[in-house]
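Dear colleague,

Please find the structure below, handed over for your files. My notes on what was found in it follow.

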Amino acid sequence: MRSIVRWSSSWLLRFAAVLALAVLLAACGGGGGGAPAAGSAATPAVVAPTTAPAGAQGAAAPTAPAQPQASGAAQKSSKDTLTIVFQANQGTLDPHFAATNQELLVNRNIYSAVLKYKPDSTELTGDLATSWDASPDGLSYTFKLRQDVDWQKGFGHFTANDVKGSFDRLKAPETKSPFAGSVSMLKEVQVVDDYTVKFILSEPYAAFPHLLTNYRAGPIVNVKAVQQFGKDYDWNPVGTGPYQFESGVPKQEAIITANDRYFGGPPPIKRVVTRTIPDMNAQVVGLESGQYDMLYVAPDDPSVVQRLTQEGFVQSKFSRDLPEVLLMNLTVKPFDNPKVRQAIAYAVDRQQLIDLAYPGAAKPWYAPVPEGFFGATTDMPHFDHDVNKAKQLLSDAGYPNGLDVTLNVYDTQKLASDVLSEQLKQVGIRVTEEVLDQPTFIGRVIQNQGINFSLHCCVRQPDADIILSDMFSPKYRGAIYISHADLEADLSAARRELDAAKRQQMYVDLQKKIVDDVDMIPLAMVNDRSINVASLKGMPTLEAIWGLDLTRLSFQ
């Protein structure tokens with residue numbers, strides 16, 4: 001049988017040719033010289049949130065009731081079961097621990113949150129909330145809740161007590177949730193009445209409503225179910241969302257079925273099977289044979305994607321406001337030396353990385369805050385590809401003969417890490433790649449277990465503070481805190497600012513400082529790419545967080 005997804009000979013030749021060209025350019029002194037170039041004059045990314053107290057973006061406060069999406073109840077599907085496969089595994093379905101795209105694919109559809117993002121948008125709207133308002137000082141948020149929501153599997157009727165119970169469980173030290181720190185500004189959740197809940201903050205936090213969406217701290221769990229299932233709750237989830245958990249095998253498969261009592265109406269597709277298939281060859285064969293309906297992550301090899309589309313399958317490309325970045329531990333050698341970090345920045349050829357690893361699905365990006373976020377800007381200094389400058393900086397840093405580093409990467413990013421490793425090799429940085437599955441990688445970051453240089457992607461709710469605090473604040477650190485830097489003073493001032501224009505400028509200034517100091521290296525904005533059968537309709541153009549809203553999908 002012919003190879004399904006191994007790189008084709010033309011693809012390997014293309015890879016070799018481009019890298020050979022890089023060597024030739026280096027030998028000829030290619031690349032931009034001098035100081036970092038001025039930032040692009042392109043229009044800055046549009047910020048997402050709308051209205052807020054004292055004009056602060058990020059704390060939208062609609063007064064009209066949030067309407068359930070009609071798509072689930074109105075649409076019909078010609079097929080009842082959707083089967084989605086991917087390489088990475090699902091480690092947990094407990095939302096207070098789930099961090100990966102694969103886990104959120106299931107959890108986003110089992111659980112609801114107080115707020116959610118409108119379809120194909122970063123604009124907030126109600127999920128379990130019907131309306132909300134914020135105090136002028138930004139220290140409290142009051143939400144009116146839906147009165148027509150029931151828990152799955154007979155766990156009763158949803159009330160404000162469940163919201164309080166979920167956040168109390170998240171923040172409890174004995175829970176040990178890695179996301180508890182992300183809501184450390186949350187002082188208390190008060191139950192005003194059965195369908196009104198108030199969040200009391202210890203300090204203003206302009207982006208707070210984003211933290212109440214269906215990601216990380218935001219999903220509302222049923223505390224009774226948590227207590228009943230104990231340590232087994234991670235594979236016995238109970239929510240209020242459009243699908244409920246039927247069965248599963250950790251790291252292999254999860255099956256969810258339509259929740260006919262969902263307050264937004266039952267979804268068109270009645271059963272969704274998500275399955276871990278590590279071998280991409282097997283995924284492609286299964287898609288072609290009709291065993292699977294969607295490859296959640298498209299194959300890297302463009303020739304395979306081209307063949308599948310010629311066979312009638314559809315490649316879906318959509319934005320997650322997803323950046324690819326290089327992160328370094330600034331407290332350990334050699335990354336504690338700014339000249340080494342500058343050398344790495346000059347060694348990177350963003351366009352070559354895109355051409356080889358993300359063809360037709362990415363664009364170069366130079367700012368720490370991703371495009372599409374509040375606080376994003378294109379007015380950034382550039383470290384453009386310059387092999388000679390990179391070599392000189394390494395020599396000036398005390399490494400005239402180059403140096404050896406370990407680059408950590410998770411398995412789904414292996415091609416991109418291969419390209420970057422070859423680019424770094426051209427300037428004398430010899431890379432050993434350590435490839436980990438995604439849950440192991442994230443666990444090691446959170447537990448400070450030797451991740452010092454990493455290619456990383458990081459979807460976060462679309463506000464600058466959330467992603468920058470995860471990267472650079474010991475107080476709000478998360479699964480991308482590799483730098484061990486402390487920019488909390490700058491971040492604290494910005495997150496407390498309730499004037500949107502002032503806060504925007506504070507993030508622009510902070511980003512310039514991060515880029516000048518090379519505290520991290522932005523690489524590219526990358527679209528998600530899936531391959532699915534042509535009869536599957538409803539794929540998004542934008543998803544603000546990991547996972548998919550499966551209620552939008554149907555077979556036609």
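A residue is called buried here when its relative accessible area is under 20%, exposed when over 50%, and partly exposed in between, using a 1.4 Å probe and protein chains only. This is a predicted model, in which local features need pLDDT of at least 70 and side-chain atom pairs count only at pLDDT 80 or more, while totals for chains, interfaces and linings use all residues. Residues are numbered from 1 along each chain as its sequence is written, and side-chain values use heavy atoms, with hydrogens and water left out.

Of the 556 residues in the protein chain, 60% are buried. The chain has 15 helices and 19 strands (DSSP runs numbered from the N terminus: H or I of at least four residues for helices, E of at least two for strands). Taking contact as heavy atoms within 4.5 Å, 72% of the contacts with a separation of 6 or more are between residues 24 or more positions apart.

The core. A nonpolar core is a set of buried Ala, Val, Leu, Ile, Met, Phe, Trp, Tyr and Cys residues joined through side-chain atoms within 4.5 Å. The largest one has 167 residues, and Phe143, Phe199 and Phe208 are among those with the most contacts inside it. Strand 17 (residues 520-532) gives the most to this core, with seven residues. Leaving aside neighbours within four places in sequence, Phe199 is in contact with residues including Phe143, Phe167, Phe208 and Leu212, and also with Ser140 and Glu188.

Isoleucine 531 lies in strand 17. Isoleucine 531 is buried, at a relative accessible area of 0%. Beyond residues up to four places away in sequence, it touches Leu287, Met294, Pro299 and Phe313, among others. Its C-alpha atom is 10.0 Å from that of isoleucine 84, which is 447 residues away along the chain.

The helices. Ten of the ten residues of helix 3 (residues 101-110) are buried, so this helix is largely enclosed by the rest of the structure. Among these buried residues are Glu103 and Arg108.

Helix 8 (residues 338-347) and helix 10 (residues 387-396) pack at about 165°, with axes 8 Å apart (axes are lines fitted to C-alpha atoms over the stretch in contact, and angles run from 0 to 180 degrees between N-to-C directions). The two are therefore roughly antiparallel, a term for angles over 145 degrees.

Regards

Definitions and conventions. Parallel < 35°, antiparallel > 145°, perpendicular 65-115°, else oblique.
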